[in-house]
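Student: I would like to go through this model with you, beginning with the terms and then turning to particular side chains.

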Amino acid sequence: MACANPAAAQREELAESLAELFTNVSVMVRGELQGTNNQLALLEKMNDRVAQEYSNYGDVAAGLRVFVEQLNEKNQGFEEYVSQIDAIDRQVTEFEAVVSMLDKHVGLLEKKVKSAYHISSSTQ
């Protein structure tokens, strides 16, 4: 029968070729779509991982904020002590100046006593 009607045979061969072409194009499009789906799934997993990582950073940042607030509170508690230490430092500086003056005065008195002792021992 194929030889009896060459036009029908060509049409049938053309129809088979077109069907095969459409099947191959369909397989190719499915492959491309599957590749795109795989890429999108990978991108979704990467986004989830990054979101989790940033969430962890947020937790760390919140913990650091609390730590800094606690340090600031402690620092404010030390301000009173720092002012007391500064006052003591000023008092010590003044005391050292007084001690220095007294030391000089004692030195002068020692010289006077020694000179008076030498004068009285030389007259006797």
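Tutor: Let us start with a definition: patches are made of residues with over 30% relative accessible area and no salt bridge, with like charges joined within 9 Å and nonpolar side chains (Val, Leu, Ile, Met, Phe, Trp, Tyr) within 5 Å. A salt bridge is a side-chain nitrogen of Lys or Arg within 4 Å of a carboxyl oxygen of Asp or Glu. This is a predicted model, in which local features need pLDDT of at least 70 and side-chain atom pairs count only at pLDDT 80 or more, while totals for chains, interfaces and linings use all residues. Residues are numbered from 1 along each chain as its sequence is written, and side-chain values use heavy atoms, with hydrogens and water left out.

Student: Which residues gather in a patch of negative charge on the surface?

Tutor: Asp and Glu count as negative here, and the place of a Glu charge is taken as CD. The residues that gather in this surface patch are Glu-12, Glu-13, Glu-16 and Glu-20.

Student: Is Glu-13 buried or exposed?

Tutor: Glu-13 lies in helix H1, a helix being a DSSP run of H or I with at least four residues. Buried means under 20% relative accessible area, exposed over 50%, and partly exposed in between, with a 1.4 Å probe and protein chains only. Because its relative accessibility is 54%, Glu-13 counts as exposed.

Student: What kind of aromatic pair do Phe-78 and Tyr-81 form?

Tutor: Phe-78 and Tyr-81 are separated by about one helical turn, because they are 3 residues apart in helix H1. With 6.4 Å centre to centre and 55° between the planes, the pair is tilted.

Student: How far apart in space are Asp-103 and Val-50?

Tutor: Asp-103 lies in helix H1, which covers residues 6–123. Asp-103 and Val-50 are 53 residues apart in sequence, and their C-alpha to C-alpha distance is 74 Å.

Technical notes: Helix = DSSP H or I, 4+ residues; strand = E, 2+ residues; numbered from the N terminus. Phe/Tyr/Trp six-rings, centres within 6.5 Å; stacked < 30°, edge-to-face > 60°. Areas by Shrake-Rupley, 256 points an atom, 1.4 Å probe, with all protein chains shown as cover.
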